[in-house]
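Colleague: I would like to check some terms against the model. Show me the structure first.

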Amino acid sequence: MPKPTPRDVVSGFVTGLFSIPEGMAYATVGGFAAPLGLWSGAVPTVIGSIFSRTVLMVTTLTSAIAFTASSVLSDAGLDPGDVGAVATMTLLVGLWMALLGVLRLGSVMSFVSTAVMTGFTAGIAVQIVAGVVKDATGYVPEAHNTVGKLVEALVHVGDWDLSTVLVAAATVAVWAVLHAVRRLRKTATLLALVLVTVVVAILGTDVERVSDIAAIPRSLPPFTLPDLGALPALATGSFAIALVALAQAAGIGAAVPNPDGTRTNVSKDFTAQGLANVAGGFFGALPTGGSLSRTGVATSGGAQTRWAGIFAGLWLVVLVLLLGPLAGEIPMAVIGGLLLVIGGELVVGRWADIVLVFRTSWLSAAALVVTFAATTQLPLQQAIFLGAALSIVLFAVQSARRGRLVELVPTTDGEFRVEDAPAALPSGRTTVLHYLGSGFFAEVNRLEEEWPHTAGTRDAALVISLRGSAGIPSTTFLKSLDRLLDRWHDHGVEVVVCGVPAALAGRFATGGVSQRLQDAVVPESDVLLGSVREAYDLAERRRTARAPSTPTDPTTAQEPS
């Protein structure tokens, strides 16, 4: 583990301070006791930061997790005020997460394209903004839909509380001014929070404060024991909470890359969050997961290593013990303003990717738009897996379009130049065709009829180069090659296949292709185009050896359908 830096200490302080009002607010919104949200930013945050492979990710309570947890308890007929049931739920969520991590199911995220992840991140940013409508405007929307909350708030702009709006706007303005100063950029979030809070206190502005939600207790996280009797009722629901939490955290690695350049590992992040919840279950915490908003606070505050998250959890405990009642004076409008900033920063940070996606292809743009809509309209776990499915479909379509054939024409200096594949296979010589593609079934079906026709071909040989291609030797690919070999054999064409890697050669053997080709399979060579030259010489020898006895009559041969 790297040594902590001064910026990590400052970032941890900002995040810990920020976690006090936000955690309590999320718990209250979910129908839980406010201190449970407070302790969700202590032990789980420390444990999650120690083990996470996305080093800046902050593991804590989020609004989506709070809402889902409340729903699960209600469906199970349990009271959100039952500390034992809450501990059981948090523990089960951790065990599900750890299991998914051990099974390496985080690999599903590798199927999520940049277009999909960009849409997902933008959707999360909109969710953050929609989630602070009440804190930033004083208006409480009745809509449950993310976009519906924003639309409803804009329609009812006349019902906004002026004092709340002014405080939130002042927070954004102060942050913007401080952020414009290079030396203050990393501490702009903390300074904006403190300065606006002090001014509001001096002016006596009548706005909702953290203390209005609940009193902040001056105590350490309490030791709690799970109620084992609640296990059967919460087993299924806790898995749903785990999916929500993991879906939220899945995009953090892409949105917040590791400063040291190391790669993130979603499966190990799953495990880290699982350990955080298992530990948190014994210390008064609600279920937690990677929080994009709290991670945004940490990075905005200057986080450089995983120590920023560790300090965040430690600072929260220290602040509660020393300054609990004082932290209760923070206006919720200040929290709302800073979350608006964080949502905006997420969109700005992905703006280049958004532009790139729309310039790349309409398919990528469609995937972005659909994922964005799903993230704002559907449960997050459904949105992220829908995004994975879209990415796979997008890959399939692009792969099917990518495959093509090119001719490698030998030159006088022993090299090969690249030309378009001929429509008809030339007679009286050896033709080298290189297959550019993966062997994906949709690609194979499209290319089968693009191979040169052989209806009028005589005294010909064909070399098929597969070096770097056919990496996905599907059954469709093998069947297609078998049909093509029949066609070429019927027209007296000598065929040699070269550049065949060991894995594909094994598929040729089990699929009967090697027997059809007999000794005409040339393995992949360490020398670039080495196997092509060897295959070309072999095909030429075979063609010239059988040329005098070739009976094919071009006037009677017909191309098979």
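**Terms put to the test**

Modeller: This is a predicted model. Five bridges join strand 6 (residues 461-465) to strand 7 (residues 494-500), and the two run parallel.

Colleague: What makes strand 6 and strand 7 a pair?

Modeller: Pairing needs at least two bridges. Strand 6 and strand 7 have five, so they pair. Within that pairing, I464 stands opposite V497 in strand 7.

Colleague: Why are strand 4 and strand 8 said to stand at the edges?

Modeller: The open sheet has six strands in the order 4-3-5-6-7-8, with mixed pairing. Strand 4 (416-420) and strand 8 (521-523) each have a single partner strand, so one side of each is left without a neighbour in the sheet. The twist averages 25° from one strand to the next.

Colleague: What packs on the sheet?

Modeller: Helix 25 (residues 530-546) does, touching strands that include strand 6 and strand 7. Its direction makes about 170° with that of strand 7.

Colleague: Which residues line the largest cavity?

Modeller: The lining includes I464, Y435 and W451. Helix 22 (475-490) gives the largest share, four residues. The volume is about 120 Å³.

Colleague: How many residues of that lining are charged?

Modeller: One is charged, one is polar and nine are nonpolar. E448 is in the lining, and Glu counts as charged, so E448 is that one.

Terms used: Residues are numbered from 1 along each chain as its sequence is written. This is a predicted model: local features need pLDDT of at least 70, side-chain atom pairs count only at pLDDT 80 or more; totals for chains, interfaces and linings use all residues. Side-chain values use heavy atoms; hydrogens and water are left out. Axes are lines fitted to C-alpha atoms, for helices over the stretch in contact, and angles run from 0 to 180 degrees between N-to-C directions. Contact means heavy atoms within 4.5 Å. On a 1 Å grid over the protein atoms alone, a cavity is a set of points where a 1.4 Å probe fits but cannot get out, and a pocket is an open set with protein on both sides within 12 Å along at least five of seven lines; lining residues have an atom within 4 Å of a point. Grid points are joined across faces, edges and corners, and a volume is the space filled by probe spheres set on the points.
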